[in-house]
Amino acid sequence: MRVRRLGWAGLEIEAGGERLLIDYVRDLSPLFTGWKPGVGLAAPSGKATAALVTHLHRDHTDASALAGALTPGAPVLRPAPGHGDDVDNVTTLPAEHELALHRLAAEVVDAWSTREVGPFRVTAVPSVDGLGDPQLNWVVQADGQRVFHGGDTMFHGYWWLIARRFSPFDAAFLPANGAVVDAPHLQPPSPLPAAMDPRQAAAAAEILDTRYAVPMHYETEQPDKIAGYVEVSDPENEFRTHAGRRAHALAVGEWLDLAT
């Protein structure tokens, strides 16, 4: 199995001649001010058998991108819809609408459920979303290797349960930008990170006992973000400091071959 970083939280995983996508996006304009489609992101190297999404924020679920990257009828495995009314779900409703618009084969899955998709065995595991929306993380197994994808989760108490069931991991892709979010529908705002910061991501990597700890959910260029979204200034280097020998940063478009 080999894994390619597509930018932000996007991954392409290849095994047995097939591809699996996680949180693949091409449009980050809901998050980046003045962002141009495709900038700082890579496209998959071919059509994918299936897609996984961690949650329905538009920087993790891009239905238009998935519609162009998947084989016809390919499943899109996703968490449950948001709780409450339209105000509660303001950050998930655009992606919900787009999934329906593009007629993708979206399937809601529960934490700890497992699916066989081509050569991939995928398991949804618990996660905690910084805005209170439903989120899953993913464990992908193929070719005798195991990968973890952390979406933009906060640090939480499920790490040890996940580790007991699946560790050691060959690679764990972990959010590391430590974004503090001041959203109009979440007032008063929290001064604490809504996604793991580099130190928390390194702690998660240690608990998961991963061979490669790969930081994600940041951009090296640090483009202008929407108001109310403030990141750690240098997540990649801070992560290297905290994760030590496990740290393995990947450039956008770069592959990591887990068989070597």
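Val125 sits opposite Asn137, a residue of strand β9. This is a predicted model, so local features are reported only where pLDDT is at least 70 and side-chain atom pairs only at pLDDT 80 or more, whereas totals for chains, interfaces and linings take in all residues. Numbering starts from 1 along each chain as its sequence is written, and side-chain values rest on heavy atoms, with hydrogens and water left out. Strands and helices are DSSP runs numbered from the N terminus (E, at least two residues, for strands; H or I, at least four, for helices).

Buried here means a relative accessible area under 20%, exposed means over 50%, and partly exposed is anything in between (1.4 Å probe, protein chains only). Both faces of β9 are covered, with Leu136, Trp138, Val140 and Ala142 buried on one side and Asn137, Val139 and Gln141 buried on the other. Strand β8 (residues 120-126) runs antiparallel to β9, and 6 bridges hold the pairing; two strands count as paired if DSSP finds at least two bridges between them. Strand β10 (residues 145-149) is also antiparallel to β9, this time over 5 bridges, with Ala142 facing Gln145 of β10. The β9 and β10 strands make a hairpin with 2 residues between them, and Asp143 in that turn has a positive phi of about 55°.

Next comes Arg19, which sits in strand β3 (residues 18-22). This arginine is buried at 19% relative accessible area. The Arg19 side chain makes a polar contact of 3.1 Å with the side chain of Glu12 and another, also 3.1 Å, with the side chain of Ser45. A polar contact is a pair of N or O atoms within 3.5 Å; within protein, one must be able to donate a hydrogen and the other to accept it, and residues adjacent in sequence count only if both atoms are side-chain atoms. Setting aside neighbours within four places in sequence, the contacts of Arg19 (heavy atoms within 4.5 Å) include Ile13, Gly46, Lys47 and Phe120.

Arg19 also forms a salt bridge with Glu14, with the closest N and O atoms 3.8 Å apart. A salt bridge is a side-chain nitrogen of Lys or Arg within 4 Å of a carboxyl oxygen of Asp or Glu. Glu14 itself is buried, at 18% relative accessibility. Arg2, Arg4, Glu12, Glu14 and Arg19 are linked in a network of these bridges, and the structure holds 13 salt bridges. Another one joins the side chains of Glu96 and Arg78 at 2.8 Å, N to O. Glu96 belongs to helix α2 (residues 93-101) and Arg78 to strand β5 (residues 75-78), so this pair ties together parts 18 residues apart in sequence. Arg78 counts as buried, at 6% relative accessibility.

Glu206 is in α4 and Arg246 is in the loop between α5 and β15 (255-257), 40 residues apart. Arg246 is buried, with a relative accessible area of 6%. Buried residues of α4 include Pro198, Ala201, Ala205 and Leu208, and the buried set packs against β10, α3, β11, β13 (210-216) and α5 (235-243). Asp197 caps the N-terminal end of the helix, a side-chain oxygen lying 3.2 Å from the backbone nitrogen of Arg199. Asp209 follows α4 and has a positive phi, near 55°.

Most residues other than glycine have a negative phi, and most peptide bonds are trans. Asp23 has a positive phi of about 50° although it is not a glycine; this residue lies in the loop between β3 and β4 (50-52) and is buried at 0% relative accessible area. Trp112 also has a positive phi, near 75°. Trp112 lies in the loop between β6 (105-108) and β7 (114-117) and is partly exposed at 33% relative accessibility. Cis peptide bonds turn up from Ser167 to Pro168, with omega near 5°, and between Gln187 and Pro188, with omega about -5°. Pro168 is in the loop between α3 (159-166) and β11 (169-175), while Pro188 is in the loop between β12 (180-181) and α4 (198-208).
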